[in-house]
Amino acid sequence: MVGWTPLHACCHSASMMAAAFKIIEEMQRTGGNFDTKTVRGPGIFNSGWTALHMATAYGLEPVVAMILNAGADVNCRNSYGFTPLIEACHRGFIGIARLLIESKAQLNSLPTEQEADSCPLLCAPPQAPLAEAARFGFASIVELLLNAGADKNFQNSVGWTALHEAAFFNHPQCVQKLLVHGADATIRSQQGVTAWQLTQL
């Protein structure tokens with residue numbers, strides 16, 4: 001596992017949190033680098049993960065909080081362009097999403113097409129955090145992001161907004177929250193399709 005630190009290795013399981021806390025304390029004492037990225041892994045196609053990415057992906061909220069308090073880069077990106085906030089929105093971890101937002105995570109960060117293409121497991125065009133949460137139906141995270149000031153009409157490379165994602169994947173609660181917050185239902189994708197039209201497919 002090239003580029004992995006002991007902290008990376010402790011961010012995969014709740015059973016390892018006590019060890020993670022000790023490592024974080026020691027890294028703070030000695031001025032360790034919390035933004036070290038993996039050269040390979042996790043998984044076959046991924047790289048560029050920090051310990052913050054790892055703790056976020058595995059839902060280790062107390063570890064995330066401690067790493068953020070230690071000064072880790074909240075907007076670090078891995079090899080396919082995911083920031084920790086996108087990762088939290090992808091997996092539905094609202095507590096972690098809240099911590100990241102409070103630490104000034106970029107609300108409209110969007111992976112590039114090149115970054116997304118580096119992982120063959122990602123089929124849909126990349127999205128910003130709000131649309132990522134809407135795509136998977138995490139209505140509470142959608143509301144959290146909207147209240148934090150995320151751009152409700154932000155479009156990705158193919159012109160889809162969070163409302164397009166929520167409508168296409170049939171998440172009525174997300175649709176409702178977006179509309180209540182003023183999302184523009186008339187926005188068309190690059191193919192000229194509105195969110196409403198996607199519900200007819």
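In this predicted model, the largest nonpolar core has 55 residues. Those with the most contacts inside this core are Leu7, Val63, Ile67, Leu85, Leu100, Leu145 and Leu178. Helix α9 supplies the largest share of the core, six residues.

Not counting residues up to four places away in sequence, Val63 touches Cys11, Met17, Ala20, Phe21, Ile24 and Ala55.

Which residues of α9 are buried? They are Ala139, Ile141, Val142, Leu144, Leu145 and Leu146. The cover over the buried residues of α9 includes α5 (84-91), α6, α8 (129-135) and α11.

| Helix pair | Axis separation | Angle |
|---|---|---|
| α9 (residues 139-148) and α11 (residues 172-180) | 9 Å apart | about 15 degrees |
| α6 (residues 94-102) and α9 | within 10 Å | roughly 15 degrees |

Let's take α9 and α11 to begin with. Their axes pack at an angle of about 15 degrees, so α9 is roughly parallel to α11. The crossing of α9 past α11 is right-handed. On the α9 side, Ala139, Val142, Glu143 and Leu146 make the contact, and on the α11 side Gln173, Cys174, Lys177 and Leu178 do. Sorted by class, the contact of α9 with α11 has five nonpolar, one polar and two charged residues.

Now for α6 and α9. Their axes cross at roughly 15 degrees, which means that α6 is roughly parallel to α9. The crossing of α6 and α9 is right-handed. Here Ile94, Ala97, Arg98 and Ile101 of α6 meet Ser140, Ile141, Leu144, Leu145 and Ala148 of α9. The contact of α6 with α9 divides into seven nonpolar residues, one polar and one charged.

Leu60 sits in the loop between α3 (51-57) and α4 (61-69). Is Leu60 buried or exposed? Its relative accessibility is 4%, so Leu60 counts as buried. Leaving aside neighbours within four places in sequence, Leu60 is in contact with Cys10, Cys11, His12, Ser13, Ala14, Met17, Ala55 and Ile96. Leu60 and Ile96 are 36 residues apart in sequence, and their C-alpha atoms are 8.2 Å apart in space.

Thr194 belongs to the loop between α11 and α12 (195-198). With a relative accessible area of 8%, Thr194 is buried. Once neighbours within four places in sequence are set aside, the contacts of Thr194 are His164, Ala185, Thr186, Ile187 and Arg188.

Phe169 is found in the loop between α10 (162-168) and α11. At a relative accessible area of 35%, Phe169 is partly exposed.

Technical notes. Residues numbered from 1 in each chain as written. Predicted model: local features only at pLDDT ≥ 70, side-chain atom pairs only at ≥ 80, totals over all residues. Heavy atoms only, no water. Axes fitted to C-alpha atoms, helices over the stretch in contact; angles between N-to-C directions. Helix = DSSP H or I, 4+ residues; strand = E, 2+ residues; numbered from the N terminus. Parallel < 35°, antiparallel > 145°, perpendicular 65-115°, else oblique. Left-handed = near helix turned anticlockwise from the far one by under 90°. Contact = heavy atoms within 4.5 Å. Nonpolar A, V, L, I, M, F, W, Y, C, P; charged D, E, K, R; others polar. Buried < 20%, exposed > 50% of the residue type's maximum accessible area, 1.4 Å probe, protein only. Core = buried A, V, L, I, M, F, W, Y, C linked by side-chain atoms within 4.5 Å.
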